[in-house]
Amino acid sequence: MSVIHPIVAVTGSSGAGTSTARIAFEHIFHRLHVRAAYIDGDAFHAYSRREMAKAVRRATIRGENFSHFGPGANRLDRLEKLFAEYGDRGTGETRRYLHDEIEAAEFDREPGTFTDWAPIESDTELMLYEGLHGGVVTDQVDVAQHVDLMVGVVPTINLEWIQKIRRDIDVRGYAPEDVAKVILRRMPDYVRYITPQFTRTDVNFQRVPLVDTSNPFVARDVPNDDESMVVIRFRDPAHWAVDFPYLLTMIHGSFMSRPNTVVVPGTKMRMAIEIIIGPIIRRLLEQREAALSR
Ligand SMILES: Nc1ncnc2c1ncn2[C@@H]1O[C@H](COP(=O)(O)OP(=O)(O)OP(=O)(O)O)[C@@H](O)[C@H]1O
Ligand SMILES: O=C(CO)[C@H](O)[C@H](O)COP(=O)(O)O
């Protein structure tokens, strides 16, 4: 953790909506004039798409489990190094995973490959990580210890799968049966490495559908914001001075389901992120300014 170089991690599974939630964070940073370094979790995959396919085939032959959710397929050592170094000095290295033709063309590379490792932008006030492993702890690494504010984006699992399936088919060009296979293969690592992070998060945003999603593998559409609610759970509301009466007044249709949990209409998710996270970011920046001026 670092007062001078704070780290905010938005953590969620594949298809959870972390990239979508990042937009709300960008709005907050824009409004508060924050210079942020943005880190995409996919940059820390260990293998290119082709190498990953080979590694999965090898693991399958050996009867082992292998997936992007687990430590074997990611450079969690480099992720922890980046978090430690950023917290210490505001520096570190990252790269980009080029998902599609458009991203790859920009760097004259193949889709499913990486750019080279390079220093992150200099002179930033805060780092925002968005990806799979912002709160991960294994035998080898403890990424979570470096994070100042950890946010979970966690739809109910059927909804998460529908979001992933639709995105992978419609945008990334995968066949439905291949997406289902990936979901199945990732399940042991999902339980071991993804879900434990959500007990470490400071705030979780859980989108809950209000329509029938009982068979995600045949759902044609992602339930939209009108067809969902968002359950927002704070680990320690007092620590972040969460003003529940203010939230309930500002967000029409919201209510509390537990002393540390607010429920808001799906249409208000982005607004809720901005109203809840905005003051926390302001506080991190004030602490930073105070420490710098000492
Ligand atoms: N609140 C929402 N309402 C409707 N659709 C959503 C919502 N949040 C996310 N989605 C959809 O779900 C899909 C996955 O979202 P997104 O790309 O943000 O996930 P991700 O967590 O970044 O996944 P990955 O890590 O695999 O890139 C996208 O098609 C997105 O449009
Ligand atoms: O886990 C993921 C994102 O969080 C993706 O599945 C991962 O980045 C691999 O992408 P692709 O299948 O397009 O090579």
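This is a predicted model: local features need pLDDT of at least 70, side-chain atom pairs count only at pLDDT 80 or more; totals for chains, interfaces and linings use all residues.
R258 falls within strand β11, which covers residues 255–258. Strands β11 and β12 make a hairpin, and 2 residues lie between them. T261 is also the bridge partner of R233, a residue within β10 (residues 228–234).

| Strand pair | Sense | Bridges |
|---|---|---|
| β10 and β12 | antiparallel | 5 bridges |
| β11 and β12 | antiparallel | 3 bridges |
| β1 and β8 | parallel | 4 bridges |
| β8 and β9 | parallel | 3 bridges |

How many residues of strand β8 (residues 149–153) are buried? The count is 5 of 5, so the rest of the structure largely encloses this strand. L149, V151 and V153 point one way from β8, M150 and G152 point the other way, and every one of them is buried. On the side of strand β1 (residues 7–11), V10 stands opposite V151. On the side of β9, the bridge partner of V153 is F205.

## Helix α5

Helix α5 consists of 14 residues, 157–170. From its first C-alpha to its last it reaches 20 Å, close to the 20 Å expected at 1.5 Å a residue. Its buried residues are L159, E160, W161, I162, Q163, K164 and I165. What do these buried residues pack against? Their partners are helix α6 (176–194) and strand β9 (203–209), and β9 is also paired with β8. In general, an α-helix has 3.6 residues a turn, so residues three or four places apart point the same way.

## The two ligand shells

Helix α1 gives the largest share, 3 residues. The shell has 15 residues, and those that come nearest to ligand 1 are S14, G17, S19, T20 and Q163. Q163 is one of the buried residues of α5. By class, the shell of ligand 1 divides into 3 nonpolar, 9 polar and 3 charged residues.

Around ligand 2 are S14, D42, H45, R49, H68, Y97, H99, G112, L132 and R172. This shell has 2 nonpolar, 5 polar and 3 charged residues. S14 is listed around ligand 2 and is also among the residues that come nearest to ligand 1.

D42, from the shell of ligand 2, sits in the loop between β2 (36–40) and α2 (49–62). Is D42 buried, exposed or partly exposed? D42 counts as partly exposed because 19 C-beta neighbours lie inside 10 Å, and a residue needs 20 or more to be buried. Leaving aside residues up to four places away in sequence, D42 touches Y97 and G131. Y97 also belongs to the shell of ligand 2. D42 and Y97 are 55 residues apart along the chain, yet a distance of 5.8 Å separates their C-alpha atoms.

## Two loop residues with positive phi

H33 is not a glycine, but its phi is positive, at about 55 degrees. This residue is found in the loop between α1 and β2. H33 has 8 C-beta neighbours inside 10 Å and so counts as exposed.

A241 is not a glycine either, and its phi is positive at about 50 degrees. Its place is the loop between β10 and α7 (244–250). With 9 C-beta neighbours inside 10 Å, A241 counts as exposed.

## The annotated span

An unreviewed UniProt entry lists residues 7–214 as "domain: Phosphoribulokinase/uridine kinase". In the model, this span is 39% helix and 17% strand, and its end C-alpha atoms lie 37 Å apart.

Notes: Residues are numbered from 1 along each chain as its sequence is written. Chains are lettered from A and ligands numbered from 1 in the order in which they are written. UniProt positions are given in the numbering used here, feature names are shortened, and annotations may be inferred rather than shown by experiment. A residue is near a molecule or strand if its C-beta atom, placed from the backbone, lies within 6 Å of it. Ala, Val, Leu, Ile, Met, Phe, Trp, Tyr, Cys and Pro count as nonpolar, Asp, Glu, Lys and Arg as charged, and the others, Gly among them, as polar. Two strands pair if DSSP finds at least two bridges between them. The expected span of a helix is 1.5 Å times one less than its number of residues. A residue is buried if 20 or more other C-beta atoms lie within 10 Å of its own, exposed if 12 or fewer, and partly exposed in between; C-beta atoms are placed from the backbone. Two residues are in contact if their C-beta atoms, placed from the backbone, lie within 7 Å.
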